[in-house]
Amino acid sequence: MPTLTSDITNPALASKGLDRIEWAFREMPVLQQILARFEKDQPLKGLRMACCLHVTTETANLARVLKAGGAEVALCASNPLSTQDDVCASLVQDFGILVFARHGADRDQYYRHINGALDIEPHLTMDDGADTVTVVHTERRNLLETIIGGTEETTTGVIRLRQMAAEGALAYPIVAVNDALTKHLFDNRYGTGQSTIDGLLRATNILLAGKTFVVAGYGWCGRGVASRAKGLGAHVVVTEINPVRALEATLDGFQVMTMEEAAPLADFVVTLTGNRDIIDNRHIPLLKNGCIVANSGHFDNEIDIPALRAASTNERLVRGGIMQEFTMQDGRLIYLVGEGRLVNLAAAEGHPAAVMDMSFANQALCSAYMAKEYQTLDKTVYSVPEAIDAEIATLKLASMGIDIDKLTPAQVEYLHSWQHGT
């Protein structure tokens, strides 16, 4: 294997990046405990890992833990607009980790960086959106000879991987970290809820109170955004395709309607579905003047940007280049935040470290699990083992100084008996 060289924007930013990485680590007590354990036990010793994630301060601390566990790590970006160049510099300079990521990289650079990370000839992949897995299975199948398993971070990636498994196309086992209760109940709901609103406020500086705020998709991410927008005084409308989730949104106090009905009312529309064309040429003519649209799903195809561009007569950047203003043929102005990419990372800093602490604890422990158990696993998508989920919750509670009750022997016996009646 040839000697590999990182591809980052500016090594001189390392000191700034280190300060921010260390600040984030203060809010990641579970990962701190896992770091100490990994340094001692070396569960990833001798393994090479290609990780395609948002390159942020929190991810940097995950990379530190993986390296402490004995892994050789190559990191690339799962989204060019979320890449923090100072973090990249510090990872290379201070921690000796290979990094292939530049903020604002174009599509060609993006895939060149994925291939750069894959040049490490990994034993394990760690993905956020399944692009690395897709490249391996379509363009670099020779790497399947050495890859023993992987993990996946986000809902969209899990959807893609489960389809691959259903078609018999998945060539190695992958743990769906996103399915962990300590991931999606907290990261998706509280992390996405807060960071999406944070991105919108930084991008627009517009008061949400009194505005009509449309949330497309009422999964855990949508639940989080809807509750935070409501808390700031917005009138929240939910659109859904799932009748159970639509009913839940209704009983949670939100108005539920179709996107065609919601579009003319919306001051803000945020998409969080994991699917494409949630806002397309059916809805663009209906959006009212001044409507702000943004996406907090993984890929930038939830809003049909080519259709938005085709319907406009003029386009310009506003608000420091983070928003595009599109002038429609009838004079309406429509605003798109962060090129339709993840607004919480394109316009803000992503999830708070305290929630990424649990998500990345899952990544670390599931990587160690895969390294130990891969020979017993089929080529499919696995949920996070319940024991890992419970351990992370226990560590998090302990770090917060919270004790919980324990079952007495009599209670244990009662729960395992069918003979006790009324």
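Lys183 and Asp187 both belong to helix 8 (residues 181-204), where they are four residues apart, about one turn of the helix; helices (H or I, at least four residues) and strands (E, at least two) are DSSP runs, numbered from the N terminus. The model is predicted, so local features need pLDDT of at least 70 and side-chain atom pairs count only at pLDDT 80 or more, while totals for chains, interfaces and linings use all residues. Residues are numbered from 1 along each chain as its sequence is written, and side-chain values use heavy atoms, with hydrogens and water left out.

Lys183 and Asp187 form a salt bridge in which the closest N and O atoms are 3.8 Å apart, a salt bridge being a side-chain nitrogen of Lys or Arg within 4 Å of a carboxyl oxygen of Asp or Glu. Lys183 is buried, at a relative accessible area of 3%, and Asp187 is likewise buried, at 3%; buried means under 20% relative accessible area, exposed over 50%, and partly exposed in between (1.4 Å probe, protein chains only). Across the whole structure, 21 salt bridges are found. Another joins the side chains of Arg282 and Glu260 at 3.9 Å, N to O. Because Arg282 lies in the loop between strand 10 and strand 11 and Glu260 in helix 11 (residues 259-262), this pair ties together parts that are 22 residues apart in sequence. Arg282 is partly exposed, at 46% relative accessibility, as is Glu260, at 35%. A network of salt bridges links Arg20, Asp86, Asp198, Arg202 and Glu349.

Strand 10 (residues 268-271) is covered on both faces, with Phe268 and Val270 buried on one side and Val269 and Thr271 buried on the other. Strand 10 pairs with strand 7 (residues 212-216) in the parallel sense over four bridges; two strands pair if DSSP finds at least two bridges between them. In this pairing, Phe213 stands opposite Phe268. Strand 10 also runs parallel to strand 11 (residues 292-295), to which four bridges join it, and Val269 stands opposite Val293 there.

No disulfide is counted, a disulfide being a pair of cysteine sulfur atoms within 2.5 Å. For Cys88, the nearest cysteine sulfur, that of Cys76, is 11 Å away. Cys88 is buried, with a relative accessible area of 0%.

Arg341 forms a salt bridge with Glu339, the closest N and O atoms being 3.8 Å apart. Arg341 is partly exposed, at a relative accessible area of 21%, and Glu339 is also partly exposed, at 41% relative accessibility.
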